Number of protein chains: 2
Amino acid sequence: MTNTIRVEDMQPIARGAAMLGTGGGGDPHLGRLLAEAALREHGDVELVALADLPDDAVVVPVAMMGAPTVMVEKLPTVEQLEGAVRSICTYLGVTPTHIGCMEAGGVNSTLPVVAAAKLGLPLLDADGMGRAFPELQMVLPTLVGARATPMSITDEKGNSGVLDTVDNHWAERIARSVTIDMGCSAMVSLYVMTGAVAKAGMVPATLSLCRELGELAAPGHAGAVSAVVERLGGRQVFVGKVVDVQRRTVTGFARGDAEIQGLDECAGSTGRLRFQNEHIIVEVDDELQVTAPDLIIVLDAETGEPITTEGMRFGHRVRVIAAPCDERWHSPEGIALVGPRYFGYDTDPLRWHGKAGDA
Amino acid sequence: MTNTIRVEDMQPIARGAAMLGTGGGGDPHLGRLLAEAALREHGDVELVALADLPDDAVVVPVAMMGAPTVMVEKLPTVEQLEGAVRSICTYLGVTPTHIGCMEAGGVNSTLPVVAAAKLGLPLLDADGMGRAFPELQMVLPTLVGARATPMSITDEKGNSGVLDTVDNHWAERIARSVTIDMGCSAMVSLYVMTGAVAKAGMVPATLSLCRELGELAAPGHAGAVSAVVERLGGRQVFVGKVVDVQRRTVTGFARGDAEIQGLDECAGSTGRLRFQNEHIIVEVDDELQVTAPDLIIVLDAETGEPITTEGMRFGHRVRVIAAPCDERWHSPEGIALVGPRYFGYDTDPLRWHGKAGDA
């Protein structure tokens, strides 16, 4: 079955990606505009299912690295994205067969579309995490031994680099510093992998899922929130009004928390979201409800429009929904990479069904 | 005339390099030990005069980047040096014909000997500045348009990178961040240049000069200080006892200043040295005497042994001598790169003859 991404798909993909972004991952609206322009100029992009990928395929993922609070002011360019892909392929001496996506949540769902359109390559319908996470080693391919490096990094001024590190944590550390020098946002091409590794490590069909979620929550669609909840196999955790948001940009990340005053069925209760680029924890009346790696998604209470952590404002009426992550994230290795303790919260992760401590 | 570097040359080279290091550039003693081991294992290194270099030679300089205060605790390895050279040559697709030295002052005079011995390549008898300076764009080849990048950077853990930046200041900025991540000291291979560019931009015969200065100041050599002063065409600025040293490591640099109580002909006066890795300014009784880019060198008052900024201690009896830098540093472009204002001191550079403001 042929599956393509056309200009008109970018609006739902961006909306669905903002949901999987769990509050972070950068505003996909900006990537959507770039992708629409690239699709208009270069034509549709073929979306290839993970199962259809040849084992010897050369998958070259591309992504933006940096702080979402900066991304909204400093747009990437098509040349920068193309430069990142070309630079790593030249360094490795490989010819890419497919563009890949490492993070279906947020802007990084849309930027691979730009690169695929510009380079005339098919795009793999998969991603590295099934959501968004703030650091580059936080992808399921890390769990099957895939290496982030050699990776390329480029800025809009023309600076670029290729890094080759001893592990994916070192890749994160050094690339983060370079990103900060480059103005807190940079384009990276990393985790270049064969089709066989992609099939072992990636999460299937997540770009299609973005599109589907976006269509379910199309503007004016009654029951958008419950349709999204049902599609994700999730549940509503809280409904209320945002009454306080604290955020600060620390070492390249947007950290903070938000307080929500309960409404309707949650009247009299207080919800609290804690985030580091993405929502990591949601509490109701000081009791943990859901933690990373499961998905915590904030939607406009009426329209179902996803709200990013940098977009949250006093007075917003929101529904906080949650959904299970890819099951591999709940392995001990997965929890070590992306559990609440990694983000500095002194708590075991909750399993999706709600009991603590059995991850 | 064939000129070689043998094991027994390393002691004088290291001593002379510490003089040209003008207090910084890293303690060459450590590089000397590595170079002696490499020369013992791989044989003598041929030293090629700048004038004898073919125009189409491929000169590959290698250096250590980082804070001298850290260098003394974190030795580089031969593999790291070799890795830096191989990495940039592979990236550029070139075969090196000569190893180069960018900084004759300090440890960076000795590390190219290690690389040349290990790789079996001749070493160019020249450097990029005729002294030591703390940032990588501060070399005379910058003034003739030579590019620092593409450059490689490696650490002792096995992390490496290749950077390609829009100018040499960006190379410094990004490489400095990577160096800090790598533990405040890293090996770099940069300013890969043809023989023609080397002849246009490098300072000739500075490694030979290091050896000659080191021989003049050999242990037990009476009149060492005046012999060195004469060879450099310099003068003694101050003699006294170190009574206070303030130093701090800031953004990867060793900054500070030292107060010297005058003795002998300087009795009753107070000398002050201001340094950022290297000595930038010397004042006597609050009056400027010498400034960068001219050379400010601190020697043990009796033995003539050079003293680095990190080696200065209360009670040291020292002679502060000064010598003219390569004349090209006094051009407006040179002063913009390495004049006192660049280092944060609100003063015009003094010309060597002592009058202010006519640089």
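H1(B) passes H2(B) in a right-handed crossing, meaning the near helix is turned clockwise from the far one by less than a right angle. This is a predicted model, where local features need pLDDT of at least 70, side-chain atom pairs count only at pLDDT 80 or more, and totals for chains, interfaces and linings use all residues. Residues are numbered from 1 along each chain as written, chains are lettered from A and ligands numbered from 1 in written order, and side-chain values use heavy atoms, without hydrogens and water.

Back to the helices (DSSP runs of H or I, at least four residues, numbered from the N terminus). The axes of H1 (residues 10–20) and H2 (residues 28–42) of chain B come within 9 Å and cross at roughly 155°, so the two are roughly antiparallel (angles over 145 degrees between N-to-C directions). Met10(B), Gln11(B), Ala14(B), Ala17(B) and Ala18(B) of H1(B) meet Pro28(B), Arg32(B), Ala35(B), Glu36(B) and Leu39(B) of H2(B), with heavy atoms within 4.5 Å.

Now for charges: the whole structure holds 44 salt bridges over all chains (a side-chain nitrogen of Lys or Arg within 4 Å of a carboxyl oxygen of Asp or Glu). In one of them, Arg351(A) pairs with Glu327(A), closest N and O 2.8 Å apart. These partners sit 24 residues apart in the chain. Arg351(A) is buried at 17% relative accessible area, while Glu327(A) is partly exposed at 49% (buried is under 20%, exposed over 50%, partly exposed in between, with a 1.4 Å probe and protein chains only). Asp257(A), Glu259(A), Arg272(A), Arg274(A) and Glu283(A) are linked in a salt-bridge network.

Notes: Axes fitted to C-alpha atoms, helices over the stretch in contact; angles between N-to-C directions. Parallel < 35°, antiparallel > 145°, perpendicular 65-115°, else oblique.
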